[in-house]
Amino acid sequence: MQASGKNAGMGLALISACAFGGSGVAAKPLIEAGLDPLHMVWLRVAGAALVLFPLAWRHRDLVWRKPLLLAGFGLIAVAGVQAFYFASLSRIPVGVALLLEYLGPCLLLGYIRFVQRKPVTRAAAAGATVAVVGLACVVEIWAGLSLDLLGVLLGLAAACCQACYFVFADQGSDEGDVPDPLGVIAFGMLIGTLVMTVIARPWQIDWQVLAGDAVMGDMTVPAPVLLTFVVLIATVFAYLTGVVAVRRLSPQVAGVVACLEAVVATVLAWVLLGERLSTWQTLGGALVLGGAFIAQSSRPTPPAAPEPAALDREATNV
(Lines give C-alpha, C1' and ligand atoms only; values in the text may rest on other atoms or scores of the structure.)
Protein backbone atom coordinates (compact mmCIF):
# COMPACT_ATOMS: atom_id res chain seq x y z
CA MET A 1 0.00 0.00 0.00
CA GLN A 2 2.83 2.40 0.90
CA ALA A 3 4.66 1.61 -2.35
CA SER A 4 1.56 2.29 -4.45
CA GLY A 5 0.94 5.54 -2.58
CA LYS A 6 4.53 6.63 -3.15
CA ASN A 7 4.35 5.76 -6.85
CA ALA A 8 1.14 7.79 -7.15
CA GLY A 9 2.81 10.66 -5.32
CA MET A 10 5.81 10.52 -7.65
CA GLY A 11 3.51 10.59 -10.67
CA LEU A 12 1.65 13.60 -9.29
CA ALA A 13 4.94 15.37 -8.52
CA LEU A 14 6.11 14.86 -12.11
CA ILE A 15 2.76 16.05 -13.48
CA SER A 16 2.91 19.12 -11.23
CA ALA A 17 6.46 19.93 -12.38
CA CYS A 18 5.39 19.66 -16.02
CA ALA A 19 2.36 21.89 -15.42
CA PHE A 20 4.42 24.51 -13.58
CA GLY A 21 7.10 24.29 -16.26
CA GLY A 22 4.62 25.22 -18.98
CA SER A 23 3.77 28.55 -17.36
CA GLY A 24 6.77 30.42 -18.70
CA VAL A 25 6.32 29.17 -22.27
CA ALA A 26 2.70 30.34 -22.29
CA ALA A 27 3.36 33.60 -20.44
CA LYS A 28 6.41 34.74 -22.41
CA PRO A 29 4.49 35.41 -25.68
CA LEU A 30 2.02 37.55 -23.72
CA ILE A 31 4.84 39.52 -22.10
CA GLU A 32 6.56 39.97 -25.47
CA ALA A 33 3.22 41.20 -26.85
CA GLY A 34 3.32 44.05 -24.34
CA LEU A 35 1.97 42.68 -21.05
CA ASP A 36 3.93 43.76 -17.96
CA PRO A 37 5.47 40.75 -16.11
CA LEU A 38 3.89 41.72 -12.78
CA HIS A 39 0.53 42.12 -14.51
CA MET A 40 1.01 38.61 -15.91
CA VAL A 41 1.56 37.30 -12.39
CA TRP A 42 -1.54 39.10 -11.10
CA LEU A 43 -3.69 37.70 -13.91
CA ARG A 44 -2.36 34.24 -13.18
CA VAL A 45 -3.08 34.35 -9.44
CA ALA A 46 -6.35 36.30 -9.70
CA GLY A 47 -7.64 34.01 -12.44
CA ALA A 48 -6.89 30.97 -10.30
CA ALA A 49 -8.59 32.62 -7.32
CA LEU A 50 -11.69 33.25 -9.42
CA VAL A 51 -11.81 29.63 -10.61
CA LEU A 52 -11.30 28.29 -7.10
CA PHE A 53 -13.64 30.69 -5.30
CA PRO A 54 -16.53 28.15 -5.11
CA LEU A 55 -14.13 25.73 -3.41
CA ALA A 56 -13.04 28.44 -0.97
CA TRP A 57 -16.68 29.00 -0.06
CA ARG A 58 -17.24 25.27 0.33
CA HIS A 59 -14.27 24.98 2.70
CA ARG A 60 -14.87 28.30 4.48
CA ASP A 61 -14.55 26.52 7.85
CA LEU A 62 -10.78 26.51 7.22
CA VAL A 63 -10.77 30.25 7.98
CA TRP A 64 -11.12 29.54 11.71
CA ARG A 65 -9.70 26.00 11.70
CA LYS A 66 -6.40 26.79 9.94
CA PRO A 67 -6.06 30.60 9.71
CA LEU A 68 -2.26 30.66 10.01
CA LEU A 69 -1.84 27.95 7.38
CA LEU A 70 -4.04 29.84 4.91
CA ALA A 71 -2.30 33.15 5.57
CA GLY A 72 1.14 31.57 5.23
CA PHE A 73 0.26 29.72 2.04
CA GLY A 74 -1.20 32.85 0.43
CA LEU A 75 1.43 35.34 1.57
CA ILE A 76 4.52 33.16 1.16
CA ALA A 77 3.83 30.14 -1.08
CA VAL A 78 1.82 32.13 -3.64
CA ALA A 79 2.59 35.87 -3.48
CA GLY A 80 6.06 35.64 -1.94
CA VAL A 81 7.55 33.27 -4.50
CA GLN A 82 6.15 35.27 -7.41
CA ALA A 83 7.04 38.73 -6.10
CA PHE A 84 10.61 37.95 -5.01
CA TYR A 85 11.37 35.98 -8.18
CA PHE A 86 10.24 38.76 -10.50
CA ALA A 87 11.99 41.36 -8.34
CA SER A 88 15.27 39.44 -8.61
CA LEU A 89 14.64 38.96 -12.31
CA SER A 90 14.69 42.73 -12.78
CA ARG A 91 18.26 42.94 -11.42
CA ILE A 92 20.05 39.70 -12.41
CA PRO A 93 19.97 37.30 -15.42
CA VAL A 94 16.94 35.02 -15.81
CA GLY A 95 18.96 31.82 -15.49
CA VAL A 96 20.68 32.91 -12.29
CA ALA A 97 17.38 34.03 -10.75
CA LEU A 98 15.84 30.66 -11.64
CA LEU A 99 18.75 28.77 -10.11
CA LEU A 100 18.55 30.81 -6.90
CA GLU A 101 14.82 30.12 -6.61
CA TYR A 102 15.42 26.40 -6.97
CA LEU A 103 17.86 26.38 -4.10
CA GLY A 104 14.59 26.00 -2.18
CA PRO A 105 14.89 22.17 -1.88
CA CYS A 106 18.34 22.53 -0.28
CA LEU A 107 17.03 25.13 2.16
CA LEU A 108 14.11 22.81 2.85
CA LEU A 109 16.45 19.97 3.79
CA GLY A 110 18.29 22.33 6.16
CA TYR A 111 14.99 23.36 7.75
CA ILE A 112 13.90 19.76 8.24
CA ARG A 113 17.27 18.73 9.70
CA PHE A 114 18.15 21.70 11.92
CA VAL A 115 14.83 23.38 12.75
CA GLN A 116 12.38 20.48 12.85
CA ARG A 117 15.24 18.20 14.00
CA LYS A 118 14.01 15.36 11.82
CA PRO A 119 16.34 12.96 10.00
CA VAL A 120 17.10 13.71 6.36
CA THR A 121 17.84 10.67 4.23
CA ARG A 122 21.15 10.51 2.42
CA ALA A 123 19.30 9.86 -0.83
CA ALA A 124 17.29 13.09 -0.52
CA ALA A 125 20.41 15.14 0.31
CA ALA A 126 22.41 13.57 -2.53
CA GLY A 127 19.51 14.04 -4.95
CA ALA A 128 19.19 17.71 -4.03
CA THR A 129 22.92 18.27 -4.55
CA VAL A 130 22.93 16.57 -7.96
CA ALA A 131 19.77 18.46 -8.99
CA VAL A 132 21.25 21.86 -8.08
CA VAL A 133 24.42 21.10 -10.07
CA GLY A 134 22.20 20.10 -12.98
CA LEU A 135 20.19 23.32 -12.66
CA ALA A 136 23.41 25.34 -12.79
CA CYS A 137 24.10 23.69 -16.15
CA VAL A 138 20.52 24.13 -17.40
CA VAL A 139 20.52 27.88 -16.75
CA GLU A 140 24.24 28.19 -17.67
CA ILE A 141 24.99 30.24 -14.58
CA TRP A 142 28.48 31.12 -15.84
CA ALA A 143 26.83 33.33 -18.47
CA GLY A 144 25.80 35.79 -15.77
CA LEU A 145 28.55 35.93 -13.17
CA SER A 146 28.44 39.73 -12.77
CA LEU A 147 25.74 39.77 -10.14
CA ASP A 148 23.83 42.44 -8.29
CA LEU A 149 23.90 41.79 -4.53
CA LEU A 150 20.30 42.93 -3.98
CA GLY A 151 19.17 40.77 -6.91
CA VAL A 152 20.89 37.75 -5.35
CA LEU A 153 19.26 38.42 -1.97
CA LEU A 154 15.85 38.70 -3.62
CA GLY A 155 16.46 35.41 -5.42
CA LEU A 156 17.38 33.74 -2.13
CA ALA A 157 14.18 35.18 -0.63
CA ALA A 158 12.26 33.48 -3.44
CA ALA A 159 14.05 30.22 -2.58
CA CYS A 160 13.01 30.57 1.07
CA CYS A 161 9.41 31.11 -0.01
CA GLN A 162 9.57 28.06 -2.25
CA ALA A 163 10.87 25.96 0.63
CA CYS A 164 7.98 27.22 2.76
CA TYR A 165 5.56 26.09 0.04
CA PHE A 166 6.53 22.46 0.65
CA VAL A 167 6.37 22.92 4.43
CA PHE A 168 2.88 24.46 4.24
CA ALA A 169 1.72 21.81 1.78
CA ASP A 170 2.62 19.10 4.30
CA GLN A 171 1.00 20.81 7.30
CA GLY A 172 -1.63 18.66 8.98
CA SER A 173 -0.94 15.56 6.87
CA ASP A 174 0.13 13.61 9.96
CA GLU A 175 -2.79 14.81 12.10
CA GLY A 176 -6.39 13.68 12.41
CA ASP A 177 -7.73 17.06 11.26
CA VAL A 178 -6.20 17.12 7.77
CA PRO A 179 -7.06 20.32 5.84
CA ASP A 180 -8.45 19.70 2.37
CA PRO A 181 -5.79 20.73 -0.20
CA LEU A 182 -8.49 22.23 -2.42
CA GLY A 183 -9.51 24.63 0.33
CA VAL A 184 -5.92 25.52 1.22
CA ILE A 185 -5.05 26.29 -2.40
CA ALA A 186 -8.28 28.25 -2.98
CA PHE A 187 -7.74 30.52 0.02
CA GLY A 188 -4.05 30.78 -0.79
CA MET A 189 -4.92 32.16 -4.23
CA LEU A 190 -7.41 34.62 -2.75
CA ILE A 191 -4.89 35.94 -0.24
CA GLY A 192 -2.15 35.95 -2.88
CA THR A 193 -4.38 38.01 -5.17
CA LEU A 194 -4.89 40.65 -2.49
CA VAL A 195 -1.14 40.92 -1.90
CA MET A 196 -0.28 40.98 -5.61
CA THR A 197 -2.94 43.65 -6.22
CA VAL A 198 -0.92 46.06 -4.07
CA ILE A 199 2.34 45.11 -5.81
CA ALA A 200 1.22 44.80 -9.46
CA ARG A 201 -1.40 47.61 -9.67
CA PRO A 202 -3.66 45.72 -12.10
CA TRP A 203 -5.70 48.82 -12.92
CA GLN A 204 -2.81 49.75 -15.23
CA ILE A 205 -3.08 46.55 -17.32
CA ASP A 206 -3.13 47.02 -21.09
CA TRP A 207 -6.23 44.94 -21.79
CA GLN A 208 -5.81 45.35 -25.56
CA VAL A 209 -2.92 42.88 -25.40
CA LEU A 210 -5.27 40.19 -24.07
CA ALA A 211 -7.81 40.91 -26.80
CA GLY A 212 -5.34 40.18 -29.61
CA ASP A 213 -2.93 37.43 -30.64
CA ALA A 214 0.55 36.50 -29.44
CA VAL A 215 3.42 34.92 -31.34
CA MET A 216 4.64 31.56 -30.04
CA GLY A 217 7.57 30.43 -32.14
CA ASP A 218 6.21 29.94 -35.66
CA MET A 219 2.59 30.06 -34.50
CA THR A 220 0.12 32.81 -33.74
CA VAL A 221 -2.03 31.98 -30.73
CA PRO A 222 -4.99 33.96 -29.35
CA ALA A 223 -3.92 35.67 -26.14
CA PRO A 224 -7.00 34.41 -24.20
CA VAL A 225 -5.99 30.81 -24.99
CA LEU A 226 -2.52 31.33 -23.53
CA LEU A 227 -3.92 33.06 -20.45
CA THR A 228 -6.44 30.25 -19.93
CA PHE A 229 -3.62 27.69 -20.05
CA VAL A 230 -1.57 29.65 -17.52
CA VAL A 231 -4.52 29.94 -15.12
CA LEU A 232 -6.10 26.49 -15.39
CA ILE A 233 -3.12 24.20 -16.09
CA ALA A 234 0.02 26.02 -14.94
CA THR A 235 -1.57 27.36 -11.74
CA VAL A 236 -4.76 25.63 -10.54
CA PHE A 237 -3.86 22.14 -11.73
CA ALA A 238 -0.15 22.54 -10.91
CA TYR A 239 -0.71 23.70 -7.33
CA LEU A 240 -3.33 21.04 -6.68
CA THR A 241 -1.23 18.11 -7.90
CA GLY A 242 1.83 19.56 -6.18
CA VAL A 243 0.21 19.75 -2.75
CA VAL A 244 -1.23 16.23 -3.04
CA ALA A 245 2.19 14.95 -4.15
CA VAL A 246 3.87 16.45 -1.08
CA ARG A 247 1.39 14.67 1.18
CA ARG A 248 1.93 11.32 -0.56
CA LEU A 249 5.72 11.61 -0.66
CA SER A 250 7.45 13.98 1.75
CA PRO A 251 8.49 17.63 1.49
CA GLN A 252 12.16 16.71 1.05
CA VAL A 253 11.54 14.31 -1.85
CA ALA A 254 8.84 16.40 -3.55
CA GLY A 255 11.09 19.44 -3.32
CA VAL A 256 13.84 17.75 -5.32
CA VAL A 257 11.40 16.43 -7.95
CA ALA A 258 10.07 19.99 -8.33
CA CYS A 259 13.47 20.97 -9.78
CA LEU A 260 12.29 19.23 -12.95
CA GLU A 261 10.13 22.31 -13.57
CA ALA A 262 13.19 24.20 -14.83
CA VAL A 263 14.06 21.34 -17.18
CA VAL A 264 10.50 21.11 -18.50
CA ALA A 265 10.43 24.87 -19.05
CA THR A 266 13.72 24.73 -20.97
CA VAL A 267 12.60 21.82 -23.17
CA LEU A 268 9.21 23.39 -23.92
CA ALA A 269 10.94 26.65 -24.81
CA TRP A 270 13.12 24.68 -27.23
CA VAL A 271 10.16 22.90 -28.85
CA LEU A 272 7.57 25.70 -28.90
CA LEU A 273 9.62 28.91 -28.89
CA GLY A 274 12.62 27.75 -30.88
CA GLU A 275 15.08 28.41 -28.03
CA ARG A 276 17.72 25.77 -28.75
CA LEU A 277 19.36 23.68 -26.02
CA SER A 278 23.12 23.67 -25.65
CA THR A 279 25.18 20.64 -24.73
CA TRP A 280 25.53 21.91 -21.15
CA GLN A 281 21.77 22.37 -20.85
CA THR A 282 21.15 18.84 -22.07
CA LEU A 283 23.70 17.49 -19.60
CA GLY A 284 22.12 19.59 -16.83
CA GLY A 285 18.68 18.21 -17.59
CA ALA A 286 20.02 14.67 -17.28
CA LEU A 287 21.58 15.56 -13.91
CA VAL A 288 18.31 16.99 -12.61
CA LEU A 289 16.49 13.85 -13.69
CA GLY A 290 19.17 11.79 -11.96
CA GLY A 291 18.84 13.86 -8.79
CA ALA A 292 15.07 13.36 -8.75
CA PHE A 293 15.56 9.60 -9.22
CA ILE A 294 18.06 9.45 -6.36
CA ALA A 295 15.78 11.46 -4.05
CA GLN A 296 12.68 9.37 -4.73
CA SER A 297 14.60 6.21 -3.82
CA SER A 298 14.88 7.42 -0.22
CA ARG A 299 13.21 5.53 2.58
CA PRO A 300 12.14 6.88 5.95
CA THR A 301 14.71 6.31 8.64
CA PRO A 302 13.30 3.70 11.02
CA PRO A 303 13.41 4.51 14.74
CA ALA A 304 16.39 2.98 16.49
CA ALA A 305 15.57 -0.19 18.37
CA PRO A 306 16.12 0.00 22.14
CA GLU A 307 19.21 -1.74 23.42
CA PRO A 308 18.72 -5.01 25.37
CA ALA A 309 20.17 -3.43 28.51
CA ALA A 310 17.61 -0.67 28.37
CA LEU A 311 14.82 -3.23 27.98
CA ASP A 312 16.09 -5.10 31.04
CA ARG A 313 16.10 -1.89 33.11
CA GLU A 314 12.54 -1.10 32.04
CA ALA A 315 11.39 -4.61 32.97
CA THR A 316 13.06 -4.27 36.38
CA ASN A 317 11.39 -0.91 37.01
CA VAL A 318 7.99 -2.44 36.23
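Predicted model: local features only at pLDDT ≥ 70, side-chain atom pairs only at ≥ 80, totals over all residues.
With residues up to four places away in sequence not counted, Tyr165 touches Phe20, Phe73, Ala77, Tyr239, Gly242 and Val243. Tyr165 is buried, because its relative accessible area of 7% is under the 20% limit.

Several of these names return when the aromatic rings are considered. A pair of rings is described by the distance of the centres and the angle of the planes. The whole structure holds 5 aromatic pairs. In one of them, the ring centres of Phe20 and Tyr239 are 5.1 Å apart and the planes meet at 75 degrees, so the pair is edge-to-face. Phe20 belongs to helix 1 (residues 2–32) and Tyr239 to helix 11, so this pair ties together parts that lie 219 residues apart in sequence. Both partners are buried: Phe20 has a relative accessible area of 13%, and Tyr239 has one of 4%. Tyr165 and Phe166 make another edge-to-face pair, with 4.9 Å from centre to centre and 70 degrees between the planes. Phe166 is buried as well, at a relative accessible area of 5%. Taken together, ring pairs link Phe20, Phe73, Tyr165, Phe166 and Tyr239 into a cluster.

Side chains of opposite charge can pair when their charged atoms come close. The count here comes to 1 salt bridge. Its partners are Arg65 and Asp61, whose closest N and O atoms are 2.7 Å apart. Both count as partly exposed, with relative accessibilities of 31% for Arg65 and 25% for Asp61. A charge can also be found over a ring: the charged end of Arg60 sits over the ring of Trp57, 4.4 Å from the ring's centre.

His59 lies in the loop between helix 2 (37–58) and helix 3 (62–65). Although placed in a loop, His59 is buried, with a relative accessible area of 12%. Apart from neighbours within four places in sequence, His59 is in contact with Asp180, Leu182, Gly183 and Phe187. Thr193 gives a view from a helix, being part of helix 9 (residues 181–200). Thr193 is buried, at a relative accessible area of 12%. Setting aside neighbours within four places in sequence, Thr193 is in contact with Trp42, Val45, Ala46 and Ala49.

Finally, the cysteines can be checked for bonds. The count of disulfides is 0. Cys160 is in no disulfide, and the nearest cysteine sulfur, belonging to Cys161, is 6.9 Å away. For Cys161, the closest cysteine sulfur is that of Cys164, at 6.2 Å, which is too far for a bond because a disulfide needs sulfur atoms within 2.5 Å.

Conventions: Residues numbered from 1 in each chain as written. Heavy atoms only, no water. Helix = DSSP H or I, 4+ residues; strand = E, 2+ residues; numbered from the N terminus. Buried < 20%, exposed > 50% of the residue type's maximum accessible area, 1.4 Å probe, protein only. Contact = heavy atoms within 4.5 Å. Salt bridge = Lys/Arg side-chain N within 4 Å of Asp/Glu carboxyl O. Phe/Tyr/Trp six-rings, centres within 6.5 Å; stacked < 30°, edge-to-face > 60°. Lys NZ or Arg CZ within 6 Å of the ring centre and 35° of its normal.
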